[in-house]
Amino acid sequence: MLRSLYIAAFCAILSGPVMANPMIMDPYARSSGPTARAGAAFFMIHGGETADRLLDARSEAAKRVELHTHIMTQDGLAKMVRLKDGIEIPAGGMVRLERGGMHVMFMGLTAPFEQGMPITVTLVFEHAGEIEVQIPVDQERRPAVSNASHDH
Ligand SMILES: [Cu+2]
């Protein structure tokens, strides 16, 4: 009895702080070239114990930082739109920001994105609050899905 209580407490210590909040996995950022004025960041968000919502992203790397997604226009063209209501993160679920889909958009880069350079981004969640992440620039990363034509 004591032993199982001890194990339960130990597990709570191990998993508690990590699992309570959303976790950012495999982040990278890119721009369309060395002189590009805009860039984007992509990553996976693993939901924490409770549902949450990514409301905003902030960074010194650009004049404006917004959460975007792509929609198809009636002419079959991909168009970027701002996610005004943020991104819903289901409890224990996984949300993917990826090329041709949702992304963090950097408009008016304060410095060109250079390979390997870390971009500091503060993600603002409704419940978890602010989570700061270092996102490395990776210009060589290929899109995970076959929609490179909708790229920035
Ligand atoms: Cu965008």
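Which residues does leucine 123 touch, not counting residues up to four places away in sequence? Keep that in mind as you set up your viewer. This is a predicted model, where local features need pLDDT of at least 70, side-chain atom pairs count only at pLDDT 80 or more, and totals for chains, interfaces and linings use all residues. Residues are numbered from 1 along each chain as its sequence is written, and side-chain values use heavy atoms, with hydrogens and water left out.

**Stop 1: leucine 123 and the core**

Select leucine 123. Leaving aside residues up to four places away in sequence, its contacts are Ile24, Phe43, Leu54, Asp56, Ala57, Gly129, Glu130, Ile131 and Val133; contact means heavy atoms within 4.5 Å. Leu123 is also among the residues with the most contacts inside the largest nonpolar core, together with Val104, Phe106 and Ile119. That core has 28 residues. A nonpolar core is a set of buried Ala, Val, Leu, Ile, Met, Phe, Trp, Tyr and Cys residues joined through side-chain atoms within 4.5 Å, and buried means under 20% relative accessible area, exposed over 50%, partly exposed in between (1.4 Å probe, protein chains only).

**Stop 2: threonine 122**

Now pick threonine 122, in strand S9, residues 118-125 (strands are DSSP runs of E, at least two residues, numbered from the N terminus). Threonine 122 counts as buried because its relative accessibility is 16%.

**Stop 3: the copper ion**

Next, select the copper ion. His68 (ND1), Met80 (SD), His103 (NE2) and Met105 (SD) coordinate the ion at 2.1 to 2.2 Å. Donors are N, O and S atoms within 2.8 Å of the metal (3.2 Å for Na, K and Ca); water is not among the atoms, so sites may look incomplete. The angles between the four donor atoms run from 98 to 115°, so the arrangement is tetrahedral (four donors with all angles between 85 and 135 degrees). Histidine 103 is buried, at 0% relative accessible area, and methionine 105 is buried too, at 4%.

**Stop 4: the aromatic pairs**

The whole structure holds two aromatic pairs. Rings of Phe, Tyr and Trp (its six-membered ring) pair if their centres lie within 6.5 Å; planes under 30 degrees apart count as stacked, over 60 as edge-to-face and the rest as tilted. Show tyrosine 28 and phenylalanine 42: this pair is tilted, with 5.3 Å centre to centre and 35° between the planes. Then show phenylalanine 106 and phenylalanine 113, an edge-to-face pair at 5.6 Å centre to centre and 75° between the planes.

Notes:
Four donors count as tetrahedral if all angles lie between 85 and 135 degrees; four count as square planar and six as octahedral if opposite donors are over 155 degrees apart and all others between 65 and 115; anything else is irregular. Helices (H or I, at least four residues) and strands (E, at least two) are DSSP runs, numbered from the N terminus.
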